[in-house]
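Me: Hey, can you walk me through this one? I'd like to get how the pieces sit against each other.

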Amino acid sequence: MKIETWIFGSGVFFFVPISIVYGFLTHWNEWVGTLGILLVGGLAGMIGAYLGFTGKRVGLRPEDRNDAEIHEGAGEQGHFSPWSWWPLVLGLACATGFLGLAVGWWILFIGAGLAVVALVGWVYEYSRGDHAH
């Protein structure tokens with residue numbers, strides 16, 4: 001994860017000065033852009049720090065070594081739920097929440113309740129037995 005750490009870590013050194021330059025060019029009258037660019041730099045720094053710590057804990061991956069073979073990256077890459085409907089329900093809950101922000105606050109509460117149900121369903125999907133849906 002050396003490359004990813006370097007890319008995101010260097011984003012801090014790019015976006016923070018750019019936000020200051022942007023502030024000077026707008027005479028500090030437009031705070032949304034200045035703050036937005038500054039936050040992008042902070043987020044890039046947080047992602048770079050996370051990738052750096054994870055890279056030290058996990059060690060070198062096959063992608064990080066020049067002498068790696070293709071077959072070293074084969075195998076399972078994680079656990080995914082191929083037949084799960086809960087991500088769709090969670091997406092609909094988020095869409096309902098954003099609709100509530102635009103139309104009326106009462107719709108936001110419906111979306112929040114649906115999001116809680118979808119998150120609990122997704123997290124506990126495999127705790128009811130093997131392949132029980």
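Me: Which way do helix 1 and helix 2 cross, left-handed or right-handed?
Reply: Left-handed, going by this predicted model: that's how helix 1 passes helix 2.

Me: And at what angle do the axes of helix 1 and helix 2 cross?
Reply: Roughly 165°, with the axes coming within 7 Å. Helix 1 is residues 2–25 and helix 2 is residues 31–58. An angle over 145 degrees counts as roughly antiparallel, so helix 1 is roughly antiparallel to helix 2.

Me: Which residues of helix 1 and helix 2 make the contact?
Reply: On helix 1 they include Phe8, Val12, Phe15 and Tyr22. On helix 2, Ile37, Val40, Ala44 and Leu51 are among them. There are glycines in the contact too, including Gly9 of helix 1 and Gly48 of helix 2.

Me: How many nonpolar, polar and charged residues does that contact of helix 1 with helix 2 have?
Reply: It has 12 nonpolar, 11 polar and 1 charged. Glu4 of helix 1 is part of the contact.

Me: OK, new topic. Where is Arg61?
Reply: Arg61 is in the loop between helix 2 and helix 3.

Me: What is Arg61 in contact with, leaving aside its neighbours within four places in sequence?
Reply: Met1 and Glu4. So that's Glu4 again, the one from the helix 1 side of the contact with helix 2.

Me: And how far apart are Arg61 and His27?
Reply: They're 34 residues apart in sequence, and 47 Å apart in space going C-alpha to C-alpha.

Me: Now helix 3 and helix 4. How do their axes cross?
Reply: The axes of helix 3 (residues 86–102) and helix 4 (residues 105–123) come within 7 Å and cross at roughly 165°. That makes helix 3 roughly antiparallel to helix 4. The crossing is left-handed.

Me: What is in the contact of helix 3 with helix 4, by class?
Reply: 16 nonpolar and 5 polar residues, and no charged ones. Trp86 and Leu90 of helix 3 are among them, along with Leu108 and Trp122 of helix 4.

Me: What does UniProt annotate as "transmembrane region"?
Reply: The unreviewed entry gives residues 7–25, 31–53 and 105–124. In the model, residues 31–53 are 100% helix, with end C-alpha atoms 33 Å apart. Residues 105–124 are 95% helix, and their end C-alpha atoms lie 29 Å apart.

Me: Last one: what domains does the chain have, and what separates their centres?
Reply: The domain assignment gives domain 1 (1–64) and domain 2 (85–124). Their centres, taken over C-alpha atoms, are separated by 31 Å.

Conventions
Residues numbered from 1 in each chain as written. Predicted model: local features only at pLDDT ≥ 70, side-chain atom pairs only at ≥ 80, totals over all residues. Heavy atoms only, no water. Axes fitted to C-alpha atoms, helices over the stretch in contact; angles between N-to-C directions. Helix = DSSP H or I, 4+ residues; strand = E, 2+ residues; numbered from the N terminus. Parallel < 35°, antiparallel > 145°, perpendicular 65-115°, else oblique. Left-handed = near helix turned anticlockwise from the far one by under 90°. Contact = heavy atoms within 4.5 Å. Nonpolar A, V, L, I, M, F, W, Y, C, P; charged D, E, K, R; others polar. Domains from an automatic or database assignment. UniProt positions renumbered as here; feature names shortened; annotations may be inferred.
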